[in-house]
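Here is a friendly walk through one chain, with its cut-offs spelled out along the way. Please keep the viewer open as you read.

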Amino acid sequence: MGSLKIYNNKLNGEAKIPPSKSMAHRAVICAALSKDKSIITNIDLSDDIIATIDGMRALGAKIEIRDQALEIIGLDINEDFSTERVIDCNESGSTLRFLVPIASLNNSNNRFIGRGNLGKRPLEIYYNIFKEQGINYSYKESELDLKTKGKLAAGEFEVLGNISSQFITGLMFTLPLLDGDSKIIIKGPLESKGYIDLTLKALADFGVKIENNDYKEFIIKGNQSYRGREYRVEGDYSQGAFFLCADALGNKVVCKDLDNNSLQGDREVIEILERMGVSFNRNEDGIIGVSKSLEGTIIDAKGCPDIIPILSVVASLSEGKTEIINAKRLRIKECDRLKAINLELSKLGAKIEEKEDGLIIYGIDEFKGGVNVWSHKDHRIAMMLAIAATGCKEEIILEDYECVSKSYPSFFEDFKMLGGRVDEWNLGK
(Lines give C-alpha, C1' and ligand atoms only; values in the text may rest on other atoms or scores of the structure.)
Protein backbone atom coordinates (compact mmCIF):
# COMPACT_ATOMS: atom_id res chain seq x y z
CA MET A 1 0.00 0.00 0.00
CA GLY A 2 1.06 3.58 -0.57
CA SER A 3 2.09 6.60 1.44
CA LEU A 4 1.17 10.27 1.30
CA LYS A 5 3.13 13.34 2.26
CA ILE A 6 0.54 15.61 3.88
CA TYR A 7 1.44 19.28 4.27
CA ASN A 8 0.25 21.54 7.07
CA ASN A 9 -2.10 23.62 4.92
CA LYS A 10 -5.31 24.84 6.51
CA LEU A 11 -8.61 23.68 5.02
CA ASN A 12 -11.21 26.13 3.75
CA GLY A 13 -14.48 25.60 1.87
CA GLU A 14 -17.60 23.46 1.79
CA ALA A 15 -17.75 19.68 2.10
CA LYS A 16 -20.79 17.51 1.38
CA ILE A 17 -20.56 14.91 4.12
CA PRO A 18 -20.99 11.33 2.86
CA PRO A 19 -24.17 9.41 3.65
CA SER A 20 -24.42 7.71 7.02
CA LYS A 21 -22.81 4.29 6.93
CA SER A 22 -24.95 3.21 9.89
CA MET A 23 -28.19 4.19 8.17
CA ALA A 24 -27.08 2.82 4.79
CA HIS A 25 -26.44 -0.64 6.31
CA ARG A 26 -29.91 -0.56 7.86
CA ALA A 27 -31.70 0.74 4.78
CA VAL A 28 -30.12 -1.87 2.50
CA ILE A 29 -31.06 -4.68 4.87
CA CYS A 30 -34.63 -3.49 5.44
CA ALA A 31 -35.17 -3.09 1.70
CA ALA A 32 -33.66 -6.52 1.02
CA LEU A 33 -36.07 -8.09 3.54
CA SER A 34 -39.07 -6.54 1.77
CA LYS A 35 -41.01 -8.34 -0.93
CA ASP A 36 -41.51 -5.05 -2.78
CA LYS A 37 -39.05 -2.98 -4.77
CA SER A 38 -37.14 -0.23 -2.98
CA ILE A 39 -34.95 2.60 -4.23
CA ILE A 40 -32.22 3.71 -1.81
CA THR A 41 -30.59 7.02 -2.76
CA ASN A 42 -27.52 8.92 -1.51
CA ILE A 43 -25.41 5.78 -1.21
CA ASP A 44 -21.62 5.85 -0.90
CA LEU A 45 -20.10 2.57 -2.04
CA SER A 46 -17.57 2.19 0.75
CA ASP A 47 -16.06 -1.23 1.43
CA ASP A 48 -18.40 -1.83 4.38
CA ILE A 49 -21.57 -0.98 2.44
CA ILE A 50 -20.45 -3.13 -0.49
CA ALA A 51 -20.01 -5.99 2.01
CA THR A 52 -23.62 -5.61 3.18
CA ILE A 53 -24.92 -5.32 -0.40
CA ASP A 54 -23.05 -8.47 -1.43
CA GLY A 55 -24.11 -10.23 1.77
CA MET A 56 -27.79 -9.60 1.14
CA ARG A 57 -27.32 -10.71 -2.47
CA ALA A 58 -25.82 -13.96 -1.17
CA LEU A 59 -28.93 -14.42 0.97
CA GLY A 60 -31.15 -14.03 -2.09
CA ALA A 61 -31.93 -10.32 -2.59
CA LYS A 62 -31.63 -8.74 -6.04
CA ILE A 63 -29.68 -5.48 -5.82
CA GLU A 64 -28.73 -3.27 -8.77
CA ILE A 65 -26.29 -0.36 -8.36
CA ARG A 66 -27.32 2.73 -10.31
CA ASP A 67 -25.02 5.73 -9.84
CA GLN A 68 -25.48 6.75 -6.17
CA ALA A 69 -28.65 4.72 -5.79
CA LEU A 70 -29.66 1.10 -5.29
CA GLU A 71 -32.66 -0.71 -6.74
CA ILE A 72 -33.52 -3.60 -4.42
CA ILE A 73 -36.01 -6.46 -4.74
CA GLY A 74 -36.23 -8.39 -1.51
CA LEU A 75 -35.40 -12.02 -0.84
CA ASP A 76 -37.80 -14.88 -0.13
CA ILE A 77 -37.19 -15.67 3.53
CA ASN A 78 -38.68 -19.16 3.16
CA GLU A 79 -36.41 -20.25 0.30
CA ASP A 80 -33.90 -22.92 1.33
CA PHE A 81 -30.83 -22.81 -0.90
CA SER A 82 -29.49 -26.14 -2.14
CA THR A 83 -25.89 -24.89 -2.11
CA GLU A 84 -23.89 -23.19 0.63
CA ARG A 85 -24.39 -19.44 0.82
CA VAL A 86 -21.07 -17.62 1.32
CA ILE A 87 -21.33 -14.22 2.98
CA ASP A 88 -18.06 -12.30 2.67
CA CYS A 89 -18.11 -9.61 5.36
CA ASN A 90 -14.70 -8.23 4.41
CA GLU A 91 -13.81 -6.19 7.56
CA SER A 92 -17.35 -5.02 8.37
CA GLY A 93 -18.47 -5.91 11.89
CA SER A 94 -21.92 -4.49 11.16
CA THR A 95 -22.36 -6.78 8.15
CA LEU A 96 -21.33 -9.82 10.17
CA ARG A 97 -23.43 -9.23 13.27
CA PHE A 98 -26.48 -7.97 11.38
CA LEU A 99 -26.58 -10.84 8.90
CA VAL A 100 -25.82 -13.86 11.11
CA PRO A 101 -29.39 -14.09 12.52
CA ILE A 102 -30.94 -13.07 9.17
CA ALA A 103 -29.22 -16.05 7.55
CA SER A 104 -31.08 -18.25 10.06
CA LEU A 105 -34.51 -17.33 8.71
CA ASN A 106 -34.42 -20.65 6.84
CA ASN A 107 -32.54 -23.95 6.81
CA SER A 108 -29.86 -23.08 4.27
CA ASN A 109 -26.18 -23.75 4.84
CA ASN A 110 -24.33 -20.49 5.47
CA ARG A 111 -20.65 -19.63 5.66
CA PHE A 112 -19.41 -16.25 6.93
CA ILE A 113 -15.89 -15.21 6.00
CA GLY A 114 -13.91 -12.01 6.41
CA ARG A 115 -10.53 -10.37 6.86
CA GLY A 116 -8.43 -8.31 9.23
CA ASN A 117 -9.50 -8.29 12.88
CA LEU A 118 -13.04 -9.42 12.12
CA GLY A 119 -12.37 -12.94 13.35
CA LYS A 120 -11.47 -11.49 16.75
CA ARG A 121 -14.82 -9.77 17.20
CA PRO A 122 -16.80 -11.75 19.79
CA LEU A 123 -19.91 -13.64 18.65
CA GLU A 124 -20.74 -15.54 21.85
CA ILE A 125 -24.20 -13.95 22.05
CA TYR A 126 -25.16 -15.76 18.85
CA TYR A 127 -23.34 -18.97 19.76
CA ASN A 128 -25.37 -19.17 22.98
CA ILE A 129 -28.61 -18.69 21.04
CA PHE A 130 -27.59 -21.39 18.56
CA LYS A 131 -26.88 -23.82 21.41
CA GLU A 132 -30.24 -23.11 23.06
CA GLN A 133 -32.17 -23.58 19.82
CA GLY A 134 -30.23 -26.51 18.37
CA ILE A 135 -28.86 -24.57 15.40
CA ASN A 136 -25.70 -26.16 14.03
CA TYR A 137 -22.60 -23.97 13.89
CA SER A 138 -18.82 -24.21 13.73
CA TYR A 139 -16.06 -21.61 13.67
CA LYS A 140 -12.30 -21.13 13.67
CA GLU A 141 -10.39 -19.32 16.38
CA SER A 142 -8.94 -15.86 15.56
CA GLU A 143 -10.21 -15.82 11.98
CA LEU A 144 -13.66 -15.43 10.57
CA ASP A 145 -14.88 -18.72 9.15
CA LEU A 146 -18.30 -19.34 10.68
CA LYS A 147 -20.69 -21.99 9.36
CA THR A 148 -24.34 -22.18 10.39
CA LYS A 149 -27.38 -24.29 9.51
CA GLY A 150 -30.73 -24.17 11.18
CA LYS A 151 -33.82 -22.01 11.47
CA LEU A 152 -34.18 -19.48 14.26
CA ALA A 153 -37.35 -19.74 16.36
CA ALA A 154 -39.29 -17.00 18.11
CA GLY A 155 -38.89 -16.64 21.85
CA GLU A 156 -37.16 -14.66 24.56
CA PHE A 157 -33.58 -13.53 24.02
CA GLU A 158 -31.46 -12.18 26.88
CA VAL A 159 -28.65 -9.85 25.82
CA LEU A 160 -26.12 -8.05 28.01
CA GLY A 161 -26.48 -4.30 27.69
CA ASN A 162 -22.73 -3.62 27.81
CA ILE A 163 -21.86 -5.58 24.67
CA SER A 164 -22.15 -4.33 21.11
CA SER A 165 -25.60 -3.09 20.12
CA GLN A 166 -25.01 -4.80 16.75
CA PHE A 167 -26.28 -8.08 18.25
CA ILE A 168 -29.53 -6.43 19.31
CA THR A 169 -29.92 -4.84 15.88
CA GLY A 170 -29.34 -8.18 14.15
CA LEU A 171 -32.11 -9.77 16.22
CA MET A 172 -34.41 -6.80 15.60
CA PHE A 173 -34.08 -7.25 11.85
CA THR A 174 -34.90 -10.96 12.10
CA LEU A 175 -37.44 -11.57 14.86
CA PRO A 176 -40.38 -9.66 13.30
CA LEU A 177 -40.33 -12.13 10.39
CA LEU A 178 -40.62 -15.25 12.54
CA ASP A 179 -43.78 -17.25 13.15
CA GLY A 180 -44.47 -16.17 16.71
CA ASP A 181 -43.87 -13.26 19.06
CA SER A 182 -40.48 -12.53 20.63
CA LYS A 183 -38.90 -10.43 23.32
CA ILE A 184 -35.36 -9.08 23.67
CA ILE A 185 -34.49 -8.63 27.35
CA ILE A 186 -31.57 -6.34 28.17
CA LYS A 187 -29.53 -7.37 31.20
CA GLY A 188 -27.95 -4.34 32.86
CA PRO A 189 -27.69 -0.80 31.45
CA LEU A 190 -27.82 -0.56 27.66
CA GLU A 191 -24.84 1.13 26.01
CA SER A 192 -24.95 2.66 22.52
CA LYS A 193 -28.64 3.53 22.74
CA GLY A 194 -28.17 5.83 19.77
CA TYR A 195 -27.51 2.89 17.45
CA ILE A 196 -30.64 1.14 18.70
CA ASP A 197 -32.62 4.30 17.99
CA LEU A 198 -31.29 4.26 14.42
CA THR A 199 -32.40 0.64 14.04
CA LEU A 200 -35.89 1.31 15.42
CA LYS A 201 -36.25 4.29 13.08
CA ALA A 202 -35.16 2.30 10.03
CA LEU A 203 -37.52 -0.55 10.90
CA ALA A 204 -40.43 1.86 11.35
CA ASP A 205 -39.57 3.57 8.04
CA PHE A 206 -39.94 0.17 6.33
CA GLY A 207 -43.17 -0.76 8.12
CA VAL A 208 -41.93 -2.91 11.03
CA LYS A 209 -42.99 -2.09 14.59
CA ILE A 210 -41.10 -2.90 17.79
CA GLU A 211 -42.26 -1.82 21.24
CA ASN A 212 -39.46 -0.23 23.27
CA ASN A 213 -39.98 -0.66 27.02
CA ASP A 214 -37.49 1.97 28.27
CA TYR A 215 -34.58 0.10 26.63
CA LYS A 216 -35.01 -2.68 29.19
CA GLU A 217 -36.91 -4.96 26.85
CA PHE A 218 -38.17 -4.89 23.30
CA ILE A 219 -41.50 -6.54 22.44
CA ILE A 220 -41.63 -7.87 18.89
CA LYS A 221 -44.74 -9.19 17.18
CA GLY A 222 -44.08 -11.99 14.70
CA ASN A 223 -45.34 -12.43 11.13
CA GLN A 224 -44.67 -8.81 10.22
CA SER A 225 -43.67 -7.69 6.72
CA TYR A 226 -41.19 -5.10 5.52
CA ARG A 227 -42.60 -2.62 3.00
CA GLY A 228 -40.47 -1.44 0.10
CA ARG A 229 -40.13 2.30 -0.44
CA GLU A 230 -37.94 5.11 -1.72
CA TYR A 231 -35.45 6.13 0.95
CA ARG A 232 -32.68 8.75 1.08
CA VAL A 233 -29.77 8.11 3.44
CA GLU A 234 -28.87 11.13 5.61
CA GLY A 235 -25.35 12.52 6.06
CA ASP A 236 -22.94 10.78 8.43
CA TYR A 237 -21.90 12.48 11.69
CA SER A 238 -19.06 9.97 12.20
CA GLN A 239 -17.49 11.22 8.95
CA GLY A 240 -18.57 14.82 9.47
CA ALA A 241 -16.77 14.71 12.82
CA PHE A 242 -13.41 14.85 11.04
CA PHE A 243 -14.18 18.22 9.49
CA LEU A 244 -16.07 19.55 12.52
CA CYS A 245 -12.96 18.77 14.57
CA ALA A 246 -10.83 20.34 11.84
CA ASP A 247 -12.79 23.55 12.47
CA ALA A 248 -11.82 23.32 16.14
CA LEU A 249 -8.15 23.41 15.01
CA GLY A 250 -8.59 26.64 13.07
CA ASN A 251 -9.70 25.27 9.70
CA LYS A 252 -12.83 26.72 8.07
CA VAL A 253 -14.94 23.90 6.67
CA VAL A 254 -18.70 24.18 6.19
CA CYS A 255 -20.18 20.69 6.63
CA LYS A 256 -23.22 20.12 4.43
CA ASP A 257 -25.96 17.46 4.62
CA LEU A 258 -25.84 16.92 8.39
CA ASP A 259 -29.33 16.71 9.90
CA ASN A 260 -29.61 18.85 13.05
CA ASN A 261 -32.28 16.44 14.35
CA SER A 262 -30.41 13.25 13.53
CA LEU A 263 -30.63 10.30 15.93
CA GLN A 264 -27.05 9.26 15.16
CA GLY A 265 -25.05 8.71 18.33
CA ASP A 266 -22.01 10.38 16.77
CA ARG A 267 -23.95 13.65 16.67
CA GLU A 268 -22.59 13.94 20.22
CA VAL A 269 -19.43 15.36 18.60
CA ILE A 270 -21.24 18.72 18.55
CA GLU A 271 -21.92 18.71 22.29
CA ILE A 272 -18.40 17.52 23.15
CA LEU A 273 -16.74 20.19 21.00
CA GLU A 274 -19.00 22.86 22.49
CA ARG A 275 -17.82 21.82 25.96
CA MET A 276 -14.26 22.19 24.72
CA GLY A 277 -14.86 25.75 23.53
CA VAL A 278 -16.14 25.45 19.95
CA SER A 279 -19.21 27.42 18.86
CA PHE A 280 -21.19 26.38 15.80
CA ASN A 281 -22.92 28.50 13.19
CA ARG A 282 -25.76 26.85 11.31
CA ASN A 283 -27.59 28.05 8.21
CA GLU A 284 -29.10 26.64 5.04
CA ASP A 285 -25.59 26.02 3.66
CA GLY A 286 -24.49 23.80 6.53
CA ILE A 287 -22.65 23.95 9.85
CA ILE A 288 -19.22 25.36 10.69
CA GLY A 289 -17.32 25.44 13.97
CA VAL A 290 -15.32 28.37 15.36
CA SER A 291 -12.97 28.27 18.34
CA LYS A 292 -10.74 30.85 20.03
CA SER A 293 -9.36 28.59 22.73
CA LEU A 294 -9.86 24.94 23.58
CA GLU A 295 -10.17 23.34 27.00
CA GLY A 296 -9.92 19.71 28.05
CA THR A 297 -12.96 17.78 29.20
CA ILE A 298 -14.18 14.28 30.04
CA ILE A 299 -15.34 12.30 27.01
CA ASP A 300 -17.46 9.19 27.57
CA ALA A 301 -16.89 6.89 24.59
CA LYS A 302 -19.74 4.56 25.53
CA GLY A 303 -22.20 5.86 22.94
CA CYS A 304 -19.81 7.26 20.33
CA PRO A 305 -16.68 5.10 20.00
CA ASP A 306 -16.07 5.94 16.33
CA ILE A 307 -15.36 9.63 16.95
CA ILE A 308 -12.78 9.07 19.70
CA PRO A 309 -9.74 9.07 17.35
CA ILE A 310 -10.47 12.52 15.88
CA LEU A 311 -11.55 13.95 19.25
CA SER A 312 -8.17 12.81 20.58
CA VAL A 313 -6.55 15.19 18.10
CA VAL A 314 -8.60 18.10 19.45
CA ALA A 315 -7.87 17.03 23.01
CA SER A 316 -4.13 17.01 22.29
CA LEU A 317 -4.28 20.67 21.26
CA SER A 318 -6.55 21.77 24.13
CA GLU A 319 -5.45 23.43 27.35
CA GLY A 320 -5.37 21.15 30.39
CA LYS A 321 -6.33 17.51 30.67
CA THR A 322 -8.87 15.45 28.71
CA GLU A 323 -9.92 12.04 29.96
CA ILE A 324 -11.51 9.52 27.61
CA ILE A 325 -13.45 6.86 29.52
CA ASN A 326 -15.45 3.69 28.72
CA ALA A 327 -13.46 3.12 25.54
CA LYS A 328 -12.34 -0.50 25.93
CA ARG A 329 -14.23 -1.65 22.83
CA LEU A 330 -11.89 0.49 20.70
CA ARG A 331 -9.27 -2.20 21.24
CA ILE A 332 -11.15 -4.65 18.99
CA LYS A 333 -11.94 -2.41 16.04
CA GLU A 334 -10.01 -2.57 12.76
CA CYS A 335 -6.97 -2.17 14.98
CA ASP A 336 -6.39 -1.52 18.68
CA ARG A 337 -7.42 2.11 18.35
CA LEU A 338 -6.40 3.18 21.84
CA LYS A 339 -2.89 1.90 21.18
CA ALA A 340 -2.82 3.41 17.68
CA ILE A 341 -3.99 6.84 18.89
CA ASN A 342 -1.31 6.84 21.57
CA LEU A 343 1.49 5.65 19.28
CA GLU A 344 0.79 7.90 16.31
CA LEU A 345 -0.18 11.16 18.06
CA SER A 346 2.79 10.72 20.40
CA LYS A 347 5.04 10.76 17.32
CA LEU A 348 3.63 14.24 16.66
CA GLY A 349 4.43 15.36 20.20
CA ALA A 350 1.16 14.58 21.99
CA LYS A 351 1.30 13.70 25.69
CA ILE A 352 -0.95 10.68 26.25
CA GLU A 353 -1.35 8.10 29.00
CA GLU A 354 -2.93 4.88 27.77
CA LYS A 355 -5.25 3.03 30.15
CA GLU A 356 -6.99 -0.30 29.70
CA ASP A 357 -10.31 1.34 28.87
CA GLY A 358 -9.37 4.87 27.89
CA LEU A 359 -6.82 7.66 27.50
CA ILE A 360 -5.62 10.64 29.49
CA ILE A 361 -4.45 13.41 27.17
CA TYR A 362 -2.50 16.48 28.31
CA GLY A 363 -2.73 19.45 25.97
CA ILE A 364 0.21 20.85 23.99
CA ASP A 365 0.46 24.02 21.89
CA GLU A 366 0.96 22.36 18.50
CA PHE A 367 2.05 19.13 16.83
CA LYS A 368 5.61 19.04 15.54
CA GLY A 369 5.27 16.94 12.37
CA GLY A 370 8.30 16.00 10.30
CA VAL A 371 7.77 12.29 10.98
CA ASN A 372 6.33 9.15 9.42
CA VAL A 373 3.03 7.98 10.87
CA TRP A 374 1.03 4.82 10.18
CA SER A 375 -2.69 4.29 9.73
CA HIS A 376 -2.50 0.77 11.23
CA LYS A 377 -4.62 0.02 8.13
CA ASP A 378 -7.57 1.57 9.99
CA HIS A 379 -9.67 4.13 8.14
CA ARG A 380 -10.41 6.26 11.19
CA ILE A 381 -6.76 6.43 12.22
CA ALA A 382 -5.79 7.47 8.68
CA MET A 383 -8.33 10.30 8.61
CA MET A 384 -7.40 11.31 12.17
CA LEU A 385 -3.78 11.77 11.10
CA ALA A 386 -4.69 13.72 7.98
CA ILE A 387 -6.65 16.25 10.07
CA ALA A 388 -3.84 16.32 12.66
CA ALA A 389 -1.48 17.38 9.88
CA THR A 390 -3.35 20.69 9.63
CA GLY A 391 -2.17 21.43 13.18
CA CYS A 392 1.49 20.46 12.63
CA LYS A 393 4.59 22.67 12.27
CA GLU A 394 5.84 20.47 9.42
CA GLU A 395 4.42 17.97 6.97
CA ILE A 396 3.91 14.31 7.87
CA ILE A 397 4.17 11.12 5.83
CA LEU A 398 1.16 8.84 6.25
CA GLU A 399 1.70 5.17 5.43
CA ASP A 400 -1.13 2.90 4.24
CA TYR A 401 -3.61 5.68 3.58
CA GLU A 402 -5.85 3.75 1.15
CA CYS A 403 -7.74 2.12 4.01
CA VAL A 404 -10.09 5.14 4.02
CA SER A 405 -12.02 3.22 1.34
CA LYS A 406 -13.62 1.23 4.17
CA SER A 407 -15.95 4.09 5.06
CA TYR A 408 -15.06 7.29 3.15
CA PRO A 409 -13.52 6.46 -0.25
CA SER A 410 -13.43 10.10 -1.39
CA PHE A 411 -11.87 11.48 1.81
CA PHE A 412 -8.59 12.59 0.28
CA GLU A 413 -10.35 14.01 -2.79
CA ASP A 414 -12.46 16.13 -0.44
CA PHE A 415 -9.37 16.96 1.64
CA LYS A 416 -7.59 18.29 -1.47
CA MET A 417 -10.71 20.12 -2.69
CA LEU A 418 -10.70 22.00 0.64
CA GLY A 419 -7.12 23.13 0.11
CA GLY A 420 -5.28 20.24 1.70
CA ARG A 421 -2.02 19.46 -0.06
CA VAL A 422 -0.85 15.87 -0.42
CA ASP A 423 1.79 14.17 -2.54
CA GLU A 424 2.28 10.50 -3.29
CA TRP A 425 5.43 9.45 -1.45
CA ASN A 426 7.86 6.72 -2.36
CA LEU A 427 9.41 5.18 0.74
CA GLY A 428 11.82 3.16 -1.33
CA LYS A 429 10.22 -0.14 -0.37
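A polar contact is a pair of N or O atoms within 3.5 Å; within protein, one atom must be able to donate a hydrogen and the other to accept it, and residues adjacent in sequence count only if both atoms are side-chain atoms. This is a predicted model, in which local features need pLDDT of at least 70 and side-chain atom pairs count only at pLDDT 80 or more, while totals for chains, interfaces and linings use all residues. Residues are numbered from 1 along each chain as its sequence is written, and side-chain values use heavy atoms, leaving out hydrogens and water.

**Helix 1 and its cap**

Let us begin with S20, whose side chain reaches the backbone nitrogen of S22 at 3.3 Å. With that side-chain oxygen, S20 caps the N-terminal end of helix 1. Helices (H or I, at least four residues) and strands (E, at least two) are DSSP runs, numbered from the N terminus. S20 itself sits in the loop between strand 2 (12-16) and helix 1.

Buried means under 20% relative accessible area, exposed means over 50%, and partly exposed is in between (1.4 Å probe, protein chains only). S20 counts as buried because its relative accessible area is 0%. Beyond its neighbours within four places in sequence, S20 is in contact (heavy atoms within 4.5 Å) with V233, E234, G235, D236 and Q264.

Helix 1 covers residues 21-32, and its twelve residues reach 16 Å from first C-alpha to last, close to the 16 Å expected at 1.5 Å a residue. That expected span is 1.5 Å times one less than the number of residues. How many of the residues of helix 1 are buried? Twelve of its twelve residues are, so the helix is mostly covered. Among them are K21, M23, H25 and R26.

**Salt bridges**

Side chains of opposite charge can pair when their charged atoms come close. A salt bridge here is a side-chain nitrogen of Lys or Arg within 4 Å of a carboxyl oxygen of Asp or Glu, and by this rule the count comes to 29. Three of these pairs are set out below.

| Pair | Closest N and O atoms |
|---|---|
| K16 and D257 | 3.7 Å |
| K201 and D205 | 3.0 Å |
| R337 and D378 | 2.8 Å |

R337 and D378 are both buried. R337 and D378 also belong to a network of salt bridges with K21, D48, R121, D306, K333, E334, R380 and K406.

K16 and D257 form a salt bridge that links distant parts of the chain: K16 lies in strand 2 and D257 in the loop between strand 15 (252-256) and helix 8 (268-275), 241 residues apart. K16 is partly exposed because its relative accessible area is 45%, and D257 is partly exposed at 27%.

K201 is partly exposed at 34%, as is D205 at 23%.

**A nonpolar patch**

Finally, L45, I50 and I65 make a nonpolar surface patch of about 200 Å². Patches are made of residues with over 30% relative accessible area and no salt bridge, joining like charges within 9 Å and nonpolar side chains (Val, Leu, Ile, Met, Phe, Trp, Tyr) within 5 Å. Accessible areas come from the Shrake-Rupley method with a 1.4 Å probe, and for residues only the protein chains shown count as cover. I65 lies in strand 4 (residues 62-66) and counts as partly exposed because its relative accessibility is 40%.
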